[in-house]
Amino acid sequence: MPDMVALAPPSLRARLFAAAGIVGPAVFIADWATLGARAKNYSPVSDAISELARMHAPTRPAMTAGFIVLGAALPTYAVVLHEHLDGPAWQFAAAHGVATLGVAAFALGTPTSGTIHGVFAGLAYACLAATPIAASGPLRRGGHDALARTSIGVGLACAAVLVASVVGPTHVHGLLQRIGLALGDAWLMTSAAAIAKSAR
């Protein structure tokens, strides 16, 4: 059977692929916000999002699903980002998705998974922050100076807050993590919405 997405008009295909850049982060944010607020013996301020997907945690299935949706959506969005923006931003976006799938695959709670989980989480953090920073150059060359400055600012802020979530006070680890991820995800969703609008 022919690939219906491949047969779709270019504008429709672009909108569908861009939608992945909105749906993936939105589902992920809604997931950790809702589950974190309802989970017992869990604090969204001090506890990491990954604790919601810890082995045997009652919230593990739902939170793991959120990781998988995000991880699968971003490489799809990266395809249309590559088509609309020069430079390596699309590669960082795709890598962020792949690293997120690694986070889901190696959940906390086993003797060996913790270290591997941490490596994938670190890669996901780095790629998320790098995506808007990498996009700033092509945006500036395209005459979008304000957007370029905003992208650099968002990327640097995302990186700074995520680093602080790792090396900073543990009692606000979860809060800092959520702020950092939300900054990066907001850029992804905004850029995806802009691509979808331009494809109409």
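**Exercise 1.** Which hand does the crossing of H6 and H7 have, left-handed or right-handed?

Solution. The model is predicted, so local features need pLDDT of at least 70 and side-chain atom pairs count only at pLDDT 80 or more, whereas totals for chains, interfaces and linings use all residues. Residues are numbered from 1 along each chain as its sequence is written, and side-chain values use heavy atoms, with hydrogens and water left out. Helix H6 (residues 145–167) and helix H7 (residues 173–198) have axes that come within 8 Å and cross at roughly 160°, the axes being lines fitted to C-alpha atoms over the stretch in contact and the angles running from 0 to 180 degrees between N-to-C directions. H6 is therefore roughly antiparallel to H7, a term for angles over 145 degrees. The crossing of H6 and H7 is left-handed, meaning that the near helix is turned anticlockwise from the far one by less than a right angle.

**Exercise 2.** At what angle do helix H4 and helix H5 pack?

Solution. Helix H4 (residues 89–105) packs against helix H5 (residues 113–141) at an angle of about 160°, and their axes are 8 Å apart. H4 and H5 are therefore roughly antiparallel to each other, and H4 passes H5 in a left-handed crossing.

**Exercise 3.** Why does Val 23 count as partly exposed?

Solution. Val 23 lies in helix H2. Val 23 counts as partly exposed because its relative accessibility is 46%, and partly exposed is the range between buried (under 20%) and exposed (over 50%), with a 1.4 Å probe and protein chains only.

Key: Helix = DSSP H or I, 4+ residues; strand = E, 2+ residues; numbered from the N terminus. Parallel < 35°, antiparallel > 145°, perpendicular 65-115°, else oblique.
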